[in-house]
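Hi everyone, thanks for making time. Please have the sequence and the 3D view open while I talk, and we'll walk through it together.

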Amino acid sequence: MRLRKIKRTQSKGWKVIRRCVIFFTAICLVPVFMVFMVATEHYVRPGGQRISFNMHKPYRAEDHLGSPRSHPNNASMVVKRLQQRRHHLNKACHTLGLDKAGNDTLHKPNPWEYLVDAKHHLVWCNVFKAASTSWMYNFNILAGYSPNFLRKSRTPPLHLARQKYGRPSLEALLKALEDNKVVSFLVVRHPLERLLSAYRDKIQNAVSGSHHFKLGKDIIRNYRKRGKTGPKHPTYPEFISWLVDSAKGGKALDMHWTPIVEFCTPCMFNIKIIAHTETLEEDQDYIIRTAGLHNVIKPQWQNAGKGSTSAHISSHYSQLTRSQILQLYHIFRFDFELFNYSLAGYLEVGQPDQDPSALLAAITMKDNKPNSVPHIY
């Protein structure tokens, strides 16, 4: 009899312990799940926009039947879209306090990366990995270089352009932007698509002996586990781990993947046209025709890359955890906000974090100063 009572008591004790374990597990995991659901809704749907990963094919005149010059209705649609982007940029700049001058990299006007063509009334900020090769080519044509010379020249196109246009001073850039005849523009790209493109071009396919080749070797030495075999270049997870740590350490990022908000400081200048790579053909056609240069240069997209963009995104971002993807969001947060991009299609392919606390820490990241460079915990 006494033995039965002891067993009942032990059984009740284990039931209490199990209930406590279940209860505390629920307390720990449910908030993580709820925060993830709420945060994910924010990350993937800013302004209700959803982004497609389809790469627009390079421009060919015979294919450009839907251009603004062919269909007036389409032209008005392009104008409306560009007006909405400019309005969104101005509103986001003001909301985030990025339109106020200061001494940090976000608030100090940076004219260094702009090209000013006074003769043809064009002003462009050279955003690397966002149709930069194409527009550098067009600016060199406008500078007087012949297509044959540009094909044969071994001098980097950027160096050729700077020989003709130089680096504008802040005063010269502001004066050019005040001219009503000037067509000022920049081309933007989804931050994580641009980052992947930069990785594939500068890290994965780095020229032997170059700066990026040496950087790749350094990344492998510090971020590849001992005894682990791998390619001669850093894998995407290794590159991202290095990038996140660099951002945490406050190091300046490479110009090929640094955020546009710091590279061009668009909130500091009157940029009339925000072209997107997702609508590049129509946007370029509009820029060229507005500037009256349709008989001199043409829309194109050189070095558009090989293979499907969505396939590359899936294959590379599926190697990362969701917390890593969220950390990247915070590095490029202002670019996401200013140009109305989201994480749709990226978080979904990321690997679930084995440690829920890592995901929760990434989701609940807060900037110490709302108008400074995002801080990563």
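Helix H11, residues 280–290, lies across strand E3 (183–188) and strand E4, and it runs at about 150° to E4. A word on labels: helices (H or I, at least four residues) and strands (E, at least two) are DSSP runs, numbered from the N terminus. Angles run from 0 to 180 degrees between N-to-C directions, with axes being lines fitted to C-alpha atoms, for helices over the stretch in contact.

Before going on, please keep in mind that this is a predicted model, where local features need pLDDT of at least 70 and side-chain atom pairs count only at pLDDT 80 or more, while totals for chains, interfaces and linings use all residues. Residues are numbered from 1 along each chain as its sequence is written, and side-chain values use heavy atoms, with hydrogens and water left out.

Now the sheet. In what order do the four strands come? The order is E1-E2-E3-E4, in an open sheet with mixed pairing; two strands pair if DSSP finds at least two bridges between them. Strand E1 (114–117) and strand E4 (273–276) are the edges, and each has a single partner strand, so one side of each has no neighbour in the sheet. From one strand to the next, the twist averages 20°. E1 and strand E2, residues 122–125, run antiparallel and are joined by four bridges. If you click on Val 116, its bridge partner in E2 is Val 123.

Next, helix H5, residues 157–165. Its buried residues are Leu 158, Leu 160, Ala 161, Arg 162 and Tyr 165. Here buried means under 20% relative accessible area, exposed means over 50%, and partly exposed is in between (1.4 Å probe, protein chains only). Their cover includes E1, helix H3 (132–142) and helix H4 (147–152). After H5 comes Gly 166, with a positive phi near 70°.

How many residues does the largest nonpolar core have? It has 91, and Trp 135, Leu 195, Phe 239, Trp 257, Tyr 317, Leu 328 and Leu 338 have the most contacts inside it. By nonpolar core I mean a set of buried Ala, Val, Leu, Ile, Met, Phe, Trp, Tyr and Cys residues joined through side-chain atoms within 4.5 Å. Take Leu 195: beyond residues up to four places away in sequence, it touches Tyr 236, Phe 239, Ile 240, Leu 243, Trp 257, Tyr 317, Leu 328 and Phe 332. Contact means heavy atoms within 4.5 Å.

Let's turn to helix H8, residues 211–223, where we find His 212. Is His 212 buried or exposed? It counts as buried because its relative accessibility is 10%. Among the residues His 212 touches are Asp 254, His 256 and Trp 257.

H8 also packs against helix H9, residues 236–248, at an angle of about 90° and with the axes 10 Å apart. The two helices are therefore roughly perpendicular, a label for angles of 65 to 115 degrees, with under 35 counting as roughly parallel, over 145 as roughly antiparallel and the rest as oblique. Leu 215, Ile 219, Ile 220 and Tyr 223 from H8 meet Glu 238, Phe 239, Ser 241, Trp 242 and Asp 245 from H9.

Last topic: charges. Side chains of opposite charge can pair when their charged atoms come close. A salt bridge is a side-chain nitrogen of Lys or Arg within 4 Å of a carboxyl oxygen of Asp or Glu, and the whole structure has nine of them.

Arg 167 is partly exposed at 34%, whereas Glu 113 is buried at 11%.

Another one, between Asp 218 and Arg 221, has its closest N and O atoms 2.9 Å apart. These two are three residues apart in H8, so about one helical turn separates them. Finally, Arg 81, Arg 85, Glu 282 and Asp 283 are linked in a network of salt bridges.

That's my tour, and I'm happy to take questions.
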